[in-house]
Every structure is written in structure tokens, then in C-alpha cells.
Amino acid sequence: MQQDDTMIRVRGVKKQYRLGQIGGGTLRGDLQSWWARKRGKEDPNTLIGTDQRLIGTTFMALNGVSFTVKKGEAVGIIGSNGAGKSTLLKLLTHVTAPTEGDIDLYGRVASMLEVGTGFHPEMTGRENVYLNGAILGMTRAEIDAKMAEIIAFSEVGDFIDTPVKRYSSGMYVKLAFSVAAHLDSEIMIMDEVLAVGDMKFQKKCLTKMRQAATRDGKTVLYVSHNMATIRDLCDRCIVLDQGKIVFDGAVDEGIAIYLAARGQSGSGSAMDYTRYQRESWCENDALRIRSIRFAADSVEALERTAPVRLTMTVDARQAAQQIGLRFEVRDEVGAPLATSCLYGLQMHPGENRLALEYDLSMLSPAQYNTYFTLFTAGEGGGNSDEDCVPGPRFGIVDTYGESRVEWNARRWGLVQLPDARLLPGMAE
Amino acid sequence: MEQTQTYHVHYGPAKGWSRVDLGELWRYKDLIWLFVKRDFAILYKQTVLGPAWVLINPLLSAAMYTVMFGVIAGLPTGGAPQSLFYLAGTAVWGFFAACINKISATFTANSAIFSKVYFPRLAMPVSTMLSALINFVLQFVMFLALLLFYVAKGEVAPNWALTPLTPLLLAQVGLLGLGCGIIVSSLTTRYRDLMVVVTFGVQLWMYGTPVVYTLSMIEGMSRPLYWAMLLNPMTAPMETFRLIYFGSGQVTPLMWALSLAWTAVLLALGLSLFSKVEKTFVDTV
């Protein structure tokens, strides 16, 4: 049956959910409905005044999904909310059964749909490791063999014999993740579990996952909204949309397709200004910013050092020269803070697409408001604004370690100037 | 083409009645045992008397029954000392009732964990039954102590030769409770009303079983009631327990045959119902 090194084979899988009323919910109601049908009368439990077609209508969470995954592959599954990602994972981990189709797994599955499933607050860390491990399919002997490794990885240390209700939430998820990460399985299925703990621990988790695929030859299936981790961890990408696979292949291409699909629906970090009412001072509509789409899935927590990429679409009535773009950053209450400019743009009539990259590494972790302004550079340094739209409100997050201290923005300001350089031979 | 893995699972649509994979359940025996330990460990955390409650509860019930049915109503106990008689009744029935009451909440109480991770769902009810069994064993030790006291006083004469039957009797009660419990738990995924009914129903069942009275008392009162009671699968274990430890029960092969048949039917029905419900129940809760 098994061909070469196939680990997961999914063929024509469909999952149907019923919308609206599921049964009467009470035995009496069901009996009443049954008796009414038996006599050919109207069901007394039918809701009056609601759309009759909706009651009991079905909805296909997955509509004919087929793919195979080979040994050692790390596959990312992406798609917008409601695309069927979670349903697919539930079927693969045997939590619920498909309505149609077949799923074959050629290996033990470690599922991490939620870390800490079955953790009991009254029990100690160690007891919970045993229980959680057993729930995930390990035997006592296997857990015994890995206990030391699990405790070490979790960084919980001496707290292992303390009831987990006394743990901080960080310790809790670290311990839970450690158990799941040390499962002896050939297939690992994960649903955004990496979004746990601090940045440092997240990095550690990612490394562990990558090792699982590359060094230990495990098969990894990873669902996430975080494109950066998908890019980091996976070497193949499946894009789901409305219960179907719309792309299966290279990661970068998959992410691009996913982001493009999202842009059309105008959600998340994409902004559409076609209906935006401009301020009275920029009524000249020769140049109009139509849309801005950030490459990041969400701009709520951008990493300080990572470049911020976005694409902007500008509609121009006629060709224009010497156009500039200002990206204005304001603080939380709207006071101007810093601005990044781009000069020498040329607009041709119709739609102009700009792909931009910004370096925001000088901003401290905080929330910021933004504005995008198009202007025409005049002679002698003058300029006249053409269009101005508010950008998304974004947040910056940062990692700290031994070589960097946490930035005290209240005393040192929101802007971090570049680090000073120590010149050689000047110490004397 | 080399076959590297022998391990293979196949999931398909949930159709028709399915078989229970007892081999898989056995592979998860460590989990079952950990659930049992957890149940016991957490139940009495942060209570003053701790595990002593396992013994205090039946003692209080037995005391209440002794006053109500023994002293006030003056029901016959077939010659056994009243306190011993009612303690035996509450312990055995308590085991059975705990099985049904706790197992019936299997799906509703664990829906969060069931919708996140797969393990044989049957591990939950089986571990619940084992927890109830451990509680019973503790109560049984207390019962034995009281029994020896009365034996020393010469007030009761057990059939010591029959005592090895006790584990069989407990297995029968446990499996019957498991069967009933998983039937109710499977139905409660759809009909929540059953949750309300079950506690009351179990209490009603107790009064329809020779727990606070003896079968011979009913036999002397009403013939139809006696026959009805023979159909009750819990009658045989209750009376057998008394036959063993008080030497005064009324047990016939027919009673046991009926009881075993009931248990087999209910357990088989429960298992197939349960395994059908467990596949898709997370979609309906």
C-alpha cells in the first residue's frame, strides 16, 4: 500500500458541517418532530419567521482536498480564517471523522493543536508531564526516558514539583510545549503553538521544529498566520481557500498567492482608500493612493529589526514627475515623531504600483500611528502635497538579550539612534 | 520499494455501527491509569479531611439509612446487624451509582480536551469506573473491619468459602455501570435533558433494587413485584454480596443468568453507541 516514503496521504476529503439547528436538542423535541412527521403534519419545532432554507443547511468546511506528504518534509498550511485549516488538522489528528474521503497516515502522529491539553492546575508540573504525554500517546516508560530532557528544555527547573496553578503563564506554556516537542512520533502536526512564551523561547521552539524535520527526518505539518515562521520552517506550502487547495508548492509563491487573495477581500493589514474621504486641503485628485498592503499578515507586532515591506497602488490622472512619498510616524496620541521620505518617483497615467521597504529599527517597542503623503518636490526645497491618507496603526516588538538592554522609552525617548561605534586606537 | 514503517492508520467517514478497538485501548493503559490517579489526587486537594471523605460519605449514608429504614421503618435485614447491612448496601450501590453518574458526563465534561486531541475516548469512562472501584475497595476495607467486629461478637456468620466470588461480582457491577454510563453519555451529546434525569433515575433504580431492604421481604409481600425485581440486573449482585458476607441472601441461577444477559446486552449496545458517537461528537457539542 505504502508508496516509497509517503507519510500522509489525503484523498478527496470533504467535511460537512450543519448550520443552524442541529436536532431539537431535547429528547421531547425530537420525539415531537418525529411524531409530527409520522402523521404528515407540520413540525411544531420548526422556527417561525426564520429563513427556512437556512435551517439544517450544510456547509462544506473542506470540499475535496487531496495531497500527499513525504518523509522529512515540512509543509506549511496557510489560508484566511474559515479556509478550512483547523478542520483539516482536526481530521488529520483523528479528532473528528471526514464526511467523505480517506486519510492514511504512515506513522505515529504528535498533534499540538493546543499546548497543555489536559493540564490540571492542581497537579504538579511533573504529574502533568506524565498525564499530558500519555494523552498525546506516549507510554509511561517513554516519558520516563525523556523526563530530564523535557524539564531541561522547558526551563521550568525546580518548579517541576510545584502545582502548575502556581506557574506564570509563560512557564505553563513552556512546559506544555516541551512535552509536545519531545513526542516520539514520525509526524508532527502543529497549529500556531509557536506563538508561546517570550521571543527567545519561540526561537528555541522553531529551532527544535526545524531539527525535527531536517535532522530527525520527521514530517512536519504546520498551520500558522505568521508568514515569517512559515517561511522559516517550511519547505513546501499548501494554500487553502474556501475548503479547497488553491496552491501547493514553493513557500514564497504560496505566501504571495495567499497575500494576494487576502488583498482582494480587503482584510487584515491591507488598506483600501477608494472610498476614503480626503481632507479639504487635498481636493486636487490628480494623484490618489488607492491601496496599501503590508507584506506582514498583521502589523500589530512587527519585529523591530525586520524590514517592513508593503505595496502601494497609486492612481494618476496624468503623467507626473518629481513625486515624493512621505511615511510619517506619529506616537500613540498623534504627535509627529519621525518621517521617512522617498524622492524622484515617476507616475504614469493610470495605475502605478510601488513596492516599498522601510527600516523601522530606530523605533522602540510601542504603538504608532502612520500617515502616507504623496507630494511634488518643487524648486529650492519646496513641496506641495498631493494626497494624504492614514496608514495602519502598528506595533513594534523587540528581543532583548545579554548584549542589549530593554529600551526605557519613557526616559530615553521613542527613537533609538544607531548604536555608537568605538573607534580603534582612541582608547588612550 | 522498501517498507520502512509498519505503522499505518486509516481514517474514513463515520458510517454505520463500528467496532471498538480494544487493542488500541490497551495501548493507552498508562493514560487510563494516570486518569485514575488524577481523579483521586485532585478530588480531595485543599479539603480538610482529604481522602477520608471516601469513607465518611458512605458512613453518613449508612447511618441515615439505619435510622430511616432500620429504626423508624423497621425493615427486616435478614438477620444481619443493621449498621453492617446498610453499609454493605451503600458501598455496593454507591459503586454502581458512581459509575453511571460520573460516566454519563464523559462527553459533556471533556468536550474541550476531546476537541483538541485524539486518544481512545473509552479511556475516560473506563478510568472513571476504575476510580469508582478504588473508592469501593477503600469502603470495603472499612466494611470488613466492621464485619470482623460483628463476627467476633457472633452476630453474623459469613460464607467464607464464597468470598473469592467477590471480584467477579464487582466486575459484573462495574461492567453493568460502564454499559449504562456510556449509553447515557452517548445520548447526552444530543439530548442534554438526560443529564438531569440520570441522577434522579439512578436514585429511583436504587429503591427498585434490594438495597435498603431484602429480596425475601418483597417475596413475602407481592409476587408480581418479586418477579419484576428478578428482572433487575442489580438484584443478583446485591443479594449475592449478602449471601457471601451475611449468609442470608437469596440467589438463584436464573437471577444471575438474567443479570449477566442484561450486562452483556447493555455493554454491547453502549460500546457500539459510544464508538459511533465519539467519531463526530466534537462537531455537535
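Author: In what follows, two residues are in contact if their C-beta atoms, placed from the backbone, lie within 7 Å. The model discussed here is predicted.

Reader: How many helices and strands does chain A have?

Author: Chain A has 428 residues, of which 34% are buried. Among its contacts between residues at least 6 apart in sequence, 71% join residues that are at least 24 apart. The secondary structure of this chain comes to nine helices and 19 strands.

Reader: Which residues of S3(A) are buried on one side, and which on the other?

Author: Strand S3 of chain A spans residues 74-78, and five of its five residues are buried. In a regular strand the side chains alternate between the two faces of the sheet. Both faces of S3(A) are covered, with Ala74(A), Gly76(A) and Ile78(A) buried on one side, and on the other Val75(A) and Ile77(A).

Reader: In S8(A), which residue is the bridge partner of Gly76(A)?

Author: S3(A) runs parallel to strand S7 (residues 219-223) of chain A, to which four bridges join it, and there Ala74(A) stands opposite Val220(A). Four bridges also join S3(A) to strand S8 (residues 236-241) of chain A, again in the parallel sense. In S8(A), the partner of Gly76(A) is Cys237(A).

Reader: Over how many bridges do S11(A) and strand S13 of chain A pair?

Author: Strand S11 of chain A, residues 287-294, is mostly covered, with six of its eight residues buried. Strand S10 (residues 270-272) of chain A is joined to S11(A) by three bridges and runs antiparallel to it, with Asp272(A) opposite Ser291(A). With S13(A), residues 308-316, the pairing of S11(A) is also antiparallel, and Leu287(A) stands opposite Ala316(A). The count of bridges between S11(A) and S13(A) is seven.

Reader: How far apart do the C-alpha centres of domain 1 and domain 2 of chain A lie?

Author: The domain assignment of chain A gives domain 1 as residues 62-264 and domain 2 as residues 270-400. Eight residues of domain 1 are in contact with six residues of domain 2, while the C-alpha centres of the two domains lie apart by 37 Å.

Reader: Which helix gives the largest share of the side of domain 1 of chain A that touches domain 2 of chain A?

Author: By class, this side of domain 1 has three nonpolar, three polar and two charged residues. The elements that give two or more residues to it are helix H6 (199-214) and helix H8 (251-265) of chain A. The largest share, three residues, comes from H8(A).

Reader: Which element of chain B gives the most to the side that touches chain A?

Author: The contact between the chains takes 41 residues from chain A and 33 residues from chain B. By class, the side of chain B has 16 nonpolar, eight polar and nine charged residues, and at least two residues each are supplied by strand S1 (9-11), helix H2 (29-43) and helix H13 (253-280) of chain B. With six residues, the element that gives the most is H2(B).

Reader: Which residue of S1(B) does Ile103(A) stand opposite?

Author: Strand S4 of chain A, residues 100-105, pairs with S1(B) in the antiparallel sense over three bridges. Within S1(B), the residue opposite Ile103(A) is Tyr11(B).

Reader: Which residues is Phe95(B) in contact with, leaving aside its neighbours within four places in sequence?

Author: Once neighbours within four places in sequence are left aside, its contacts are Ala132(B), Leu133(B), Phe136(B) and Val173(B).

Key. Residues numbered from 1 in each chain as written. Chains lettered and ligands numbered in written order. Predicted model: local features only at pLDDT ≥ 70, side-chain atom pairs only at ≥ 80, totals over all residues. Domains from an automatic or database assignment. Nonpolar A, V, L, I, M, F, W, Y, C, P; charged D, E, K, R; others polar. Pairing = 2+ DSSP bridges. Buried ≥ 20, exposed ≤ 12 C-beta atoms within 10 Å, placed from the backbone.
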